[in-house]
Every structure is written in C-alpha cells, then in structure tokens.
Amino acid sequence: MTMTSEVRAKGREWLPEARRIVVKVGSSSLTTIRGGISEKALAALVDSLADRASGGTEIVLVSSGAIAAGLAPLGLARRPRDLATQQAAASVGQGLLMARYTQAFGAHGVTVSQVLLTADDLVRRTQYKNAHRALEKLLHLGVVPVVNENDTVATHEIRFGDNDRLAALVAHLVHADALVLLSDVDSVYTGPPAEGGVRIEHVRGAADLDGVQIGSTGKAGVGTGGMATKVEAASIAASSGIPALVTSTGAAARALAGEDVGTWFSVSGRRKPVRLLWLEHLAAVRGTLTLDDGAVRAVGQRHRSLLPAGITAVSGDFEAGDPVEIADQAGRVLARGIVNFSADELPAMLGRSTKDLGKELGPEYERVVVHVDDLVLV
C-alpha cells in the first residue's frame with residue numbers, strides 16, 4: 001500500500017495516533033445567547049484538549065467567540081452588522097476570551113498563547129513565513145496556540161469570512177495531521193433531523209454530499225458560519241491532503257479518542273500550498289485578465305506563467321499582489337492568480353513581450369504578470 005493510499009484509507013479511529021491536530025470551536029459552543037462566555041462549556045472543551053496536549057499531542061485551537069464575548073460588556077443585545085462595531089466588540093471580547101482560556105488550560109499545567117491572523121498573513125510570502133515560524137516554535141515549546149481572525153483590524157476585503165475557513169488554512173500552515181471542526185451539531189445530516197434527516201458517517205468526496213440540505217448559522221445566532229461553512233472547510237482540507245471530522249463540542253473527547261461520532265471527511269487529494277487554497281476557495285477577486293487562445297492553452301493546458309503578450313483585455317480595480325480571475329475570449333474563467341502589476345500598469349503592457357517591456361520601461365517590467373506558483377486552475 002502506498003503512502004497516498006494509506007492516508008486515504010485512514011478513518012476516525014486513527015485520530016488517537018495523530019500527532020498534530022487543529023481544533024476549531026464556534027461561537028455558539030462557547031457563548032450564551034446573551035453573548036457572555038459559557039464557563040461550563042469552555043471548561044469542558046479545555047478538559048478534553050488539555051488531556052490530549054498533556055499526552056504529547058500538539059494542539060492548535062482556532063477559537064471563535066471574541067465578538068460574541070464582547071457583546072454583553074458593551075451592552076449590545078445581538079451581534080452587530082456594521083464592521084466598526086464588530087471590531088469594537090472583538091477588541092473587548094478577545095481579551096476576555098483569552099483570560100478564560102489561560103485560566104482553564106493553566107489548571108492543567110498547559111500554557112496557551114494568542115495568535116491573531118488576517119488573510120494577508122497566510123497569503124503574502126513574508127507574513128506566511130513569519131506565521132509558520134511562530135506557530136512551529138510555540139508548538140515545539142509545548143504551548144497551545146489559540147488562533148482567531150484579527151477582527152479588530154480585518155476589513156471586509158481581507159476577511160476569511162469565518163473561522164471554519166481559517167481553520168482549514170491553519171491546518172495547512174502547520175502541516176497538521178487532522179482537522180476537527182466543533183459546533184453545536186453532532187454530525188452532518190442529509191437534512192434537518194426533525195424532518196427525517198439521517199447522519200452522514202463518512203464523506204469520501206463531493207458526490208457523497210449531492211442532494212444534502214446543509215444548515216446555516218446555529219440557533220444561538222452569535223456566529224457567522226453554520227454547518228455549510230464547516231462542510232466547506234472540511235472539504236477544502238480533505239481535498240488537499242488533510243482528513244477532517246465535523247462533530248459537536250460536547251463530543252470532543254470522544255472524537256479525539258477515535259470513537260464513532262460526527263462526520264468523517266477522508267482525504268481525497270494532495271496537499272497544496274496554503275496561498276493556493278485561499279486563492280481557489282476564498283479569495284475575493286479584484287479584476288479579470290482576458291487571454292488570447294494561445295495564452296489560454298499555455299495557462300490552462302500546459303500550466304505556464306501568464307505573460308503580458310497573451311493578455312487582450314483588463315478589467316477591475318486591483319493592485320500588485322491582489323487576486324484576479326483569468327478568462328478566455330468568451331468570458332469563461334479558467335484560473336485565478338495573484339497579479340504582479342496593478343490595473344493601471346497593465347493596459348500599456350498588453351500584447352508585448354517582457355523583453356521589449358524591459359528595454360522600454362526598465363528591468364522591473366520583465367516579470368511575468370502571474371507566476372505559475374501563484375496560479376490555480378478552476
């Protein structure tokens with residue numbers, strides 16, 4: 001049996017052997033409907049994770065709850081819709097959340113740290129390396145990093161959207177053996193259980209979810225995800241080399257022990273660089289590059305870098321480093337990529353060779369428009 005087939009064959013019973021696990025917990029599992037932190041729920045989760053961490057497993061906890069925890073102290077009755085108030089609530093709530101984690105893990109002799117990330121930290125090369133190095137050192141020192149999106153400074157344009165997606169990317173960032181997504185629902189069901197929906201025990205690929213009715217935000221109303229984003233995050237992880245389990249926070253201990261709980265997403269593809277996962281599944285594209293037929297074949301069939309000579313049109317408002325779509329003459333999108341030039345620079349470059357551009361405009365214009373390492377076919 002090859003290594004690939006061994007990985008694909010692993011089921012939930014293998015989880016006790018995993019040496020590095022990313023666990024994500026949602027707001028609805030940690031907070032009350034009024035927005036305060038549930039001490040009982042948080043302590044129960046920490047008991048399960050600390051026990052595993054004390055046994056030598058490296059745990060990264062991706063925890064929602066900062067915005068929800070900040071509602072009550074600010075006198076807010078519900079999760080705010082405007083970004084500024086969300087940022088204020090996160091700023092207040094994050095400290096409260098970390099204080100509870102520090103106390104609860106500390107009772108087990110486990111040290112925790114706070115790691116706040118934005119999408120840029122996992123996409124831009126310099127920030128990515130810094131984030132990877134910091135998390136690796138923390139894990140080496142026996143610390144449990146508590147990761148959250150940096151809601152206080154994140155804008156709509158650079159948000160992950162929810163911590164389920166963030167957890168999938170963090171799992172790749174730290175080369176985790178498995179991803180466990182916890183919420184207030186014990187499994188993925190074919191439909192609402194009250195209406196006859198049955199538990200899906202195992203997902204081997206997208207076809208296993210055909211016709212399944214996936215729910216949205218949980219009943220507490222304090223989160224942003226719901227089962228749909230958990231399924232998406234588990235699918236992202238599994239399709240790129242990391243198995244995932246979706247279950248309830250109350251079943252966390254049983255899940256980590258490899259018992260038959262939740263819905264298991266087995267590996268269905270190879271691992272990819274984390275920025276390509278972001279680009280493929282999560283990036284908000286800022287423009288479109290239209291290619292001639294030759295460039296379509298070079299990019300789509302031969303998987304080559306995109307040169308200015310093959311671009312016929314540019315639309316959108318983007319800067320160097322932004323994600324863009326790459327389309328053919330009929331408007332069909334064949335790829336997404338991180339562009340090396342702004343929308344203002346590109347029009348003067350279209351249809352011209354990098355050699356000519358370098359002679360006329362300088363050596364900085366001899367670069368490709370989208371490098372193959374920053375390009376993913378869709």
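Reply: His-172 has its place in helix 8, which covers residues 163-173. Helices here are DSSP runs of H or I with at least four residues, strands are runs of E with at least two, and both are numbered from the N terminus. The model is predicted: local features need pLDDT of at least 70, side-chain atom pairs count only at pLDDT 80 or more, and totals for chains, interfaces and linings use all residues. Residues are numbered from 1 along each chain as its sequence is written, and side-chain values use heavy atoms, with hydrogens and water left out.

His-172 counts as buried because its relative accessibility is 5%. Buried means under 20% relative accessible area, exposed means over 50%, and partly exposed lies in between, with a 1.4 Å probe and protein chains only. Leaving aside neighbours within four places in sequence, His-172 is in contact with Ile-236, Ala-237, Ser-240, Ile-242, Lys-272, Val-274 and Leu-277. Contact means heavy atoms within 4.5 Å.

Lys-24 is found in strand 1, residues 20-25. Not counting residues up to four places away in sequence, Lys-24 touches Asn-163, Asp-164 and Ala-167, among others, and helix 8 covers residues 163-173. Other residues that Lys-24 touches include Val-62, Ser-64, Val-180, Leu-181, Leu-182 and Lys-230. With a relative accessible area of 3%, Lys-24 is buried. UniProt, in an unreviewed entry, places the feature "binding site" at positions that include Lys-24, Ser-183, Asp-184 and Lys-230. UniProt positions are given in the numbering used here, feature names are shortened, and annotations may be inferred rather than shown by experiment.

Ala-99 is found in helix 5, residues 83-106, and counts as partly exposed at 40% relative accessibility. Ala-99 and Asp-293 are 194 residues apart in sequence and 58 Å apart in space, C-alpha to C-alpha.

Now the wider chain. The secondary structure of the protein chain comes to 13 helices and 13 strands. Of its 378 residues, 52% count as buried. Among contacts between residues at least 6 apart in sequence, 73% join residues at least 24 apart. Along its principal axes, the C-alpha trace spans about 65 × 50 × 45 Å.
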